[in-house]
Amino acid sequence: MAVTHDLDVASIRADFPILSRRINNSRLVFLDSAASSQKPKSVLEAMDHFYKFSNANVHRGAYTMATEATDLMESARSKVARFIGAPSTDEIIFTKNVTEALNLVARSWGGDNLGPGDAVLVTEMEHHANIVPWHIMADQKGFDLRWIPITENGHLDLSDLDRLLDGVSLVSFTATSNVLGTINPIRHITDAAHAAGALVMVDGAQYVPHLPTDVVELGIDLFAFTGHKMLGPTGIGCLWGKSEVLEAMPPFLGGGEMILDVRKDGFTTNTLPHKFEAGTPPIAEIVGLGAAVDYLDNLGMDNVRAHEVSLTAYALRTLEERFGDSLTIHGPSEPASRGGLLSLDLAGTHPHDVSQVLDQHGICVRAGHHCAKPLMRALGVNATSRASLYVYNDESDVDALADALEAAKDFFAF
Amino acid sequence: MPGLEDLYREIILDHYRSPRNKGELESPPAHRAEGFNPLCGDEIVVYLQVEQGDDGTEMVSDVAIGGQGCSISQASASMMSSAVKGKTLAEIDDITRAFKAMMSIHEHELDGSETESDPAPEVKLGDLEALRGVVKFPVRIKCATLAWNTLAQAVDSDPNAG
Ligand SMILES: Cc1ncc(COP(=O)(O)O)c(C=O)c1O
């Protein structure tokens, strides 16, 4: 790993206006960045500035502001391309979120390539966004959906991978589990999939915000992530694909922007990336995403990762010391093989009740099934409380979480 | 800002820790329905033994509750089971409407209107009154009403179907 330096969390916190808010007379302890992160001033100001000074539609006008708006959008595209190591800016397709990107691939690539006798391989730890689009297409096209199971300690069970891959046309899996925190062996799965003649799609929603990403190094074919989990605004996500893969895919949504010509008897699609960007894009959100990428670049993704590994280690240690067997933490126990999100199960309490007590202490965690019901079934639980860590969290947040969990335990103790 | 004690009244915690009528009834003959809260994954199974009295009125002679969930959904189900046992279907309908009114009257308060009226005066909600505080925590209303929606489904279900 590269040489890293510690994040200056105090100065980072000062960049996030919302973190000075108080909740129920306590300081806000935001531990739900895996659902949606907070936004630094620079992102808010970039969006505000766009609306105040450069607002115009893109790719459509010759006047100064229209050119400015187009330049702002395209420079954000370049930033995103660089951020994930994409060889070409044209391979960056803006979508509403990762969900839309996955649906785009399922509909467009899946619609063209899948039928009876074919199979798509997913994993038991997928978010619904990487399950339901395949269910929908499978209902229409009659292909099979196969599942890589998980092991007891929350890793993918790859012992039977070659057999599972036999006859599969696409493997689609998450880089990091949004429930277990597991970081999956992307390169290993990708190599096996390619050897079996399958294409690889990766859901990077919980990965891109937290680790240095290089899609070329990962060897994958298609990749998606979502802006609002990486300090950017809601309403903007991204699909990356190898040019030759994207070129071969039919358009998804039809309308303005995605065409070169429209006649009474048909249309000609535009070139990449516009082919997949029908209609007026969320320009301000794209500008905001560009600013978020700048912010993360400035911190350095190696430093972000190092910060989260050490904070996760501290959290695992602290919670284990204070709660022992009465607190189950799902997923891998080694901080190096997981992201900074902890799914918790406090004996004798229900996650909804725990999150309610935590809220009284100003602590935000997510309670529920985390849009991963097949995984919850595999784990044999209905819900968990999930605390997730990011660049603005430090050990004091973990301590506050532990104190509030103690209070919840006392409150519901039988 | 409402505090935890508004939500978790002692009687609620008591029903949560010692749920009444927990278990299963053989179905058929019992009516059976399952309810899910898709937001949190809570699930409740309601079993009702419905019998016809001499005068032709139908009454619930036995009830059982299965499934799992948070303290509010479990306590609400437990209290509901006590409230409906031995009651006629018409009485159960009244209790259900009174309970839902208690939940939704306060929902209106969230819109800024100050009106607060008591549920239909002829229906005594008893322990269920303790759930009144739930309306101050809007996301939890679904937890409290899950058992009741499932109860309505169980009443309507055909025990011999399926
Ligand atoms: C792994 C994973 N995939 C997909 C999503 C969906 O993200 P979005 O709602 O932004 O499309 C999420 C987050 O909710 C996630 O954690």
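## Strand β17 of chain A

Strand β14 (residues 341-346) of chain A is joined to β17(A) by four bridges, and the two run antiparallel. This is a predicted model. Within this pairing, L344(A) has S385(A) of β17(A) as its bridge partner. Strand β16 (residues 366-368) of chain A also pairs with β17(A), again in the antiparallel sense, over three bridges. Here A367(A) has S385(A) as its bridge partner. Strands of a sheet pair through backbone hydrogen bonds, either parallel or antiparallel.

How covered is β17(A)? Strand β17 spans residues 384-388 of chain A, and five of its five residues are buried. T384(A), R386(A) and S388(A) point one way from the strand. S385(A) and A387(A) point the other way.

## Strand β10 of chain A

Strand β10 covers residues 237-241 of chain A. Five of its five residues are buried, so the strand is largely enclosed by the rest of the structure. G237(A), L239(A) and G241(A) point one way. C238(A) and W240(A) point the other way. Residues on both sides are buried.

P233(A) sits in the loop between β9 and β10 of chain A. Is P233(A) buried or exposed? Its relative accessibility is 8%, and buried means under 20%. P233(A) therefore counts as buried.

What does P233(A) touch? Leaving aside residues up to four places away in sequence, its contacts are K39(A), V43(A), M47(A), G227(A), H228(A), E285(A), G288(A) and L289(A). A292(A) is 59 residues from P233(A) in sequence. In space, the two are 8.5 Å apart, C-alpha to C-alpha.

## The sheet of chain B

Chain B has an open sheet of three strands, in the order β1-β2-β3, with antiparallel pairing. Its edge strands are β1 (31-37) and β3 (58-68) of chain B, and each pairs on one side only. From one strand to the next, the twist averages 20°.

Seven bridges link β1(B) to strand β2 (residues 42-52) of chain B, in the antiparallel sense. One detail of this pairing is that E34(B) has V45(B) in β2(B) as its bridge partner.

Helices pack here as well. Helix α3 (residues 71-84) of chain B lies across β2 and β3 of chain B, and runs at about 165° to β3(B). Helix α5 (residues 141-156) of chain B packs on the sheet too, touching β1 and β2 of chain B. The direction of α5(B) makes about 150° with that of β1(B).

## Cavities

Rolling a probe the size of a water molecule over the atoms shows where empty space is left. How many cavities of 30 Å³ or more does the whole structure hold? The search finds two. The largest cavity has a volume of about 60 Å³.

Which residues line the largest cavity? They are S33(A), A34(A), T176(A), Q206(A), H210(A), G339(A), G340(A), L341(A), S388(A) and L389(A). Three of the lining residues are nonpolar, seven are polar and none is charged.

Technical notes. Residues numbered from 1 in each chain as written. Chains lettered and ligands numbered in written order. Predicted model: local features only at pLDDT ≥ 70, side-chain atom pairs only at ≥ 80, totals over all residues. Heavy atoms only, no water. Buried < 20%, exposed > 50% of the residue type's maximum accessible area, 1.4 Å probe, protein only. Pairing = 2+ DSSP bridges. Axes fitted to C-alpha atoms, helices over the stretch in contact; angles between N-to-C directions. Contact = heavy atoms within 4.5 Å. 1 Å grid on protein atoms, 1.4 Å probe; cavity = no way out; pocket = protein on both sides within 12 Å on 5 of 7 lines; lining within 4 Å. Points joined across faces, edges and corners; volume = space filled by probe spheres on them. Nonpolar A, V, L, I, M, F, W, Y, C, P; charged D, E, K, R; others polar.
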